[in-house]
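Here are a few notes to go with the model, written for someone opening it for the first time. Have a look at it, then read on.

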Amino acid sequence: MRALPAFAAALLTVSLALAGCSMGASDSQDMKADSAAKPAPGQQGAAAAADEGQGEKLTEDGKKAEPDADAAKTHVIRTATLSVEVKSVTKALSEARSVALDAGGVIEDETTERVDDSYITSHVVLRVPEAEYDSVLTELAGTGKLLSRTANAKDVTEQVVDVNSRIATQRASVNRVRKLMDQAQDITDVVALESQLNTRQAELESLLAKQASLADRTTMATVTLDLSERAKEEKDDGDDSPGFLDALGGGWDAFVSVLRWIVVVLAAILPFVVALAVLFVLWRVFGVRLTALRARRTPVVEPVAAPAPSPSPDEDKDEGKQD
């Protein structure tokens with residue numbers, strides 16, 4: 001009878017070591033925590049029986065989980081990008097919304113903008129069920145002229161199976177630690193087991209988030225739709241030679257351009273003209289006064305009359321003959 005508790009303890013240690021191999025980096029910590037929290041001899045048989053089904057998938061309540069029906073299913077992430085030229089972006093966008101909603105999808109993102117007040121573009125991201133993926137692509141491509149189409153399918157079946165398996169193993173590990181906590185009596189063992197439980201619970205939550213992300217991307221395909229309007233065609237009259245109205249319009253444009261340049265030149269020289277005008281006014285006001293003041297202060301010198309020249313001897317003789 002004494003060999004039975006020892007055999008149960010040995011079986012518990014071996015089973016915990018095997019479970020720790022599947023946990024990666026937490027192996028050594030798991031074995032230390034389980035060894036530290038070894039149950040009493042009377043409880044070893046129950047603990048060993050609880051670990052006999054560790055290789056099976058267990059639920060959070062410790063019950064045996066049903067076989068996964070999706071294990072053999074192929075999981076594919078489908079994405080597509082369409083570029084379509086349409087007559088009216090507003091109308092095509094409304095049709096795209098209706099197609100996605102009728103297929104059971106949603107509008108994940110939408111960006112619509114107007115360019116040059118006349119040209120509209122739209123960028124829409126749609127999420128549709130994988131079963132309606134092909135039909136939605138066909139309907140969206142038929143809204144206008146298809147410019148480009150890119151489709152991608154990524155098989156993630158192996159990744160999904162691996163995540164599901166790791167989740168099952170992690171849940172079983174969390175349940176084992178909880179059972180050991182219920183059986184532990186030493187406060188040191190309880191603290192060590194709580195640390196292990198928190199670590200494994202965090203890893204389990206991370207795996208569940210990854211599983212949810214994979215499930216969302218494999219069940220709902222992503223379609224990116226770019227809508228653009230057709231360029232407006234210019235009317236061609238068939239005669240490229242300029243007419244009277246063209247010549248008149250060209251002359252008017254030239255006249256307006258010349259006037260614009262004249263105004264620019266006048267505006268450029270206007271400061272210099274104003275400065276010269278101010279200087280001229282100042283010169284007229286103060287310059288004339290200074291000239292008059294200087295004229296008053298300068299004395300006027302009257303010219304002296306020159307003496308009459310004395311007559312020469314020849315002139316006297318001539319005068320005597322005349323007499």
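1. Start with the surface. Keep in mind that this is a predicted model. A nonpolar patch of about 1100 Å² is there to find, built from Leu270, Val274, Leu276, Val278, Leu279, Phe280, Val281, Leu282, Trp283, Val285 and Phe286. To locate Leu270, go to helix H8, which covers residues 244–297.

2. Stay with helix H8 for a moment: Trp252 and Phe255 sit 3 residues apart in it, so about one helical turn separates them. How many aromatic pairs does the structure hold? There are 2. In one of them, the ring centres of Trp252 and Phe255 are 5.8 Å apart and the planes meet at 40°, so this pair is tilted. The cut-offs behind that word are simple: under 30 degrees would count as stacked and over 60 as edge-to-face.

3. Now the sheet. It is open, has 5 strands with mixed pairing, and reads S2-S3-S5-S1-S4 in order. On average, neighbouring strands are turned by 10° against each other, direction ignored.

4. Zoom in on one pairing. S4 runs antiparallel to strand S1 (residues 76–86), with 10 bridges between them. Here Val84 stands opposite Leu146, a residue of S4.

5. Last, check what lies across the sheet. Helix H5 (residues 133–141) lies across S1, S3 (119–129), S4 and S5 (220–229). Against S1, helix H5 runs at about 10°.

Key:
Residues are numbered from 1 along each chain as its sequence is written. This is a predicted model: local features need pLDDT of at least 70, side-chain atom pairs count only at pLDDT 80 or more; totals for chains, interfaces and linings use all residues. Side-chain values use heavy atoms; hydrogens and water are left out. Patches are made of residues with over 30% relative accessible area and no salt bridge: like charges are joined within 9 Å, nonpolar side chains (Val, Leu, Ile, Met, Phe, Trp, Tyr) within 5 Å. Accessible areas come from the Shrake-Rupley method with a 1.4 Å probe; for residues, only the protein chains shown count as cover. A salt bridge is a side-chain nitrogen of Lys or Arg within 4 Å of a carboxyl oxygen of Asp or Glu. Helices (H or I, at least four residues) and strands (E, at least two) are DSSP runs, numbered from the N terminus. Two strands pair if DSSP finds at least two bridges between them. Axes are lines fitted to C-alpha atoms, for helices over the stretch in contact, and angles run from 0 to 180 degrees between N-to-C directions. Contact means heavy atoms within 4.5 Å. Rings of Phe, Tyr and Trp (its six-membered ring) pair if their centres lie within 6.5 Å; planes under 30 degrees apart count as stacked, over 60 as edge-to-face and the rest as tilted.
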